[in-house]
Amino acid sequence: MKLDLTEFLFGMSSALDALEVEFLGRATGHGERVAWMTMKMMQAYGADETLTTDITLLALLHDNGLAPYYRQYAEKKKGKNDSLNRLLMKAETGNGAEHCILGEEAVELLPFESNINNVILYHHENADGTGLLKMKAEDTPLGSRLIHLADTVDVCCDIRDPEKYDMVLSFVQQMKGKWFCEDTVDLFERSLNEEAFHDMQTRGAEALLREGLHSQVREFSDAEIHSIADFFARLVDYKSSFTKDHSMGVAAKAEKMARFYGFDEEKTTRYYLAGALHDIGKMFVDNDILEKPDRLTSEEFTKMQDHAAWTHTILSRIPGLKDVDHWASRHHEKLDGTGYCEGLKAEDLSMEDRLMGCIDIYQALTEKRPYKEGLSHAKAASIMRSMAKDGKIDAGITEDLLSVYGDDSEDNEAETHEGKKWKCPVCGYIYEGDNPPEACPVCHAPGYRFEPVN
């Protein structure tokens, strides 16, 4: 599959930026500013275009380990009232080396052309050996040292303010020999003068990055595309324990169903990519909403629904991915026009769009979440058939999906079970129990909106 990796990572970096804003309270665009400073220093160093681009893209993704680090921490501290701020303070003051380790492990999935080993691992090391992993400057890669300086400058100094350049320069000089080695400071001073900062403040870091980096358009193997897809799917799945492993599950089922329908190899790979990225827009939804134990307000529910629109916004900006964008962002559309984010109807939805919607529902119903056990195939089949009967989802695709993942004997057993039923007015999901659920496991509509089924 042909892909411009530079453009792809630029497009996807906005999702990581949203994570940093939520988890760390960073000013929007932190990753781009760090990447811009890193690029300027790499160019001053005289590195070739490929290495400069690869290190700059790593700078763009330097905090990718925050999501898995937060997940691990949250699971260890489950039931306790440790605030997120306390967690992040630990990450920044020496007790959070895990996010560097996890970030390094994750970027190994990305098919860079250069040797970028340990760049993310050591991006929080100080020149004097007082960083997270106690490594001195001479023992860390150049890319690590440059990203560390750029990251620290953007965190400690507001480089968006044109009046702050003297303060930035003074700060870097003050930390020379302590946090930053002399060679790195020299590269900073040679490449990032007051005029360069003024240019960034006027035109924006993204525009300057696009001018300074060369495209990496090339054919990637199916395995490489899978690795790229998995990198971002894991970011989404790590963000919230409520949807643990959901994106990876949808991607796997998307690939299996693509093979069932006889898609060619490239289309199968593209469909896997769409499945992996279908919920990337959830990076823009606060965990306070994703993991709220109580009923969502109307405003919160609208923000939850916005994740599909954000998925479209991100993917539509990446050249060559129009089909992937449609398959991914339309997974909550319904045949009768009651879905979101565009309210499309049957005639607007391709077979692939409809299939992704069915896969997402089946995955959501059968996977275990903190607030529910996963339903059996039989129970999921009963619910999906009810949704198909109501004109919400494609009946033929539903039967195909169910035939791949179960058998009719189980389904018939499920249909004989009777109990009090509640129907989600948004997606048509039928819930059995004495009271409606806290939230719909399919579309996340608050449970108080469920209506009794006679």
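Does asparagine 118 count as buried, partly exposed or exposed, and at what relative accessibility? Asparagine 118 counts as partly exposed, at 31% relative accessibility. Buried means under 20% relative accessible area, exposed over 50%, and partly exposed in between (1.4 Å probe, protein chains only).

This is a predicted model: local features need pLDDT of at least 70, side-chain atom pairs count only at pLDDT 80 or more, and totals for chains, interfaces and linings use all residues. Residues are numbered from 1 along each chain as its sequence is written, and side-chain values use heavy atoms, with hydrogens and water left out.

**Overall picture**

The chain has 454 residues, of which 55% count as buried. It holds 21 helices and five strands. Helices (H or I, at least four residues) and strands (E, at least two) are DSSP runs, numbered from the N terminus. Among contacts with a separation of 6 or more, 69% join residues 24 or more positions apart. Contact means heavy atoms within 4.5 Å.

**Backbone geometry**

Most residues other than glycine have a negative phi, and most peptide bonds are trans.

| Residue | Phi | Relative accessibility |
|---|---|---|
| Asparagine 118 | near 70° | 31% |
| Lysine 134 | near 60° | 56% |

Asparagine 118 is found in the loop between helix H6 (97-107) and helix H7 (142-156). Lysine 134 also has its place in the loop between H6 and H7. Lysine 134 counts as exposed. A cis peptide bond joins tyrosine 340 and cysteine 341, with omega about 20°. Cysteine 341 lies in the loop between H17 and H18.

**Helix H10**

Helix H10 spans residues 194-203, and its buried residues are Ala196, Phe197 and Met200. They cover an arc of only 100° around the axis, so they sit on the same side of H10. The arc is that of the directions from the helix axis to the C-beta atoms. Glu195 and Thr202 are exposed on the other side of H10. The buried residues pack against helix H2 (30-45), helix H8 (165-174), helix H9 (182-191) and helix H11 (205-212).

At the start of H10, a side-chain oxygen of asparagine 193 reaches to within 3.2 Å of the backbone nitrogen of glutamate 195. Glycine 204 follows H10, with a positive phi near 95°.

**Helices H12 and H14**

Two packed helices are described by the angle between their axes and the distance between the axes. The axes of H12 (residues 222-239) and H14 (residues 265-277) come within 8 Å and cross at roughly 10°. H12 is therefore roughly parallel to H14. Axes are lines fitted to C-alpha atoms, for helices over the stretch in contact, and angles run from 0 to 180 degrees between N-to-C directions. Angles under 35 degrees count as roughly parallel.

H12 contributes residues including Ile225, Ala229 and Phe232 to the contact, and H14 residues including Tyr272, Leu273 and Leu277.

**Two buried sites**

Serine 329 is found in helix H17 (residues 322-329). It is buried, with a relative accessible area of 1%. Its side chain reaches the backbone oxygen of aspartate 325 at 2.8 Å. Not counting residues up to four places away in sequence, serine 329 touches Ala308, Thr311 and His312.

Glycine 357 has its place in helix H18 (residues 351-366). Glycine 357 is buried, with a relative accessible area of 7%. The C-alpha atoms of glycine 357 and isoleucine 397 are separated by 10.0 Å, and the two residues are 40 residues apart along the chain.

Methods
Angles under 35 degrees count as roughly parallel, over 145 as roughly antiparallel, 65 to 115 as roughly perpendicular and the rest as oblique. A polar contact is a pair of N or O atoms within 3.5 Å; within protein, one must be able to donate a hydrogen and the other to accept it, and residues adjacent in sequence count only if both atoms are side-chain atoms.
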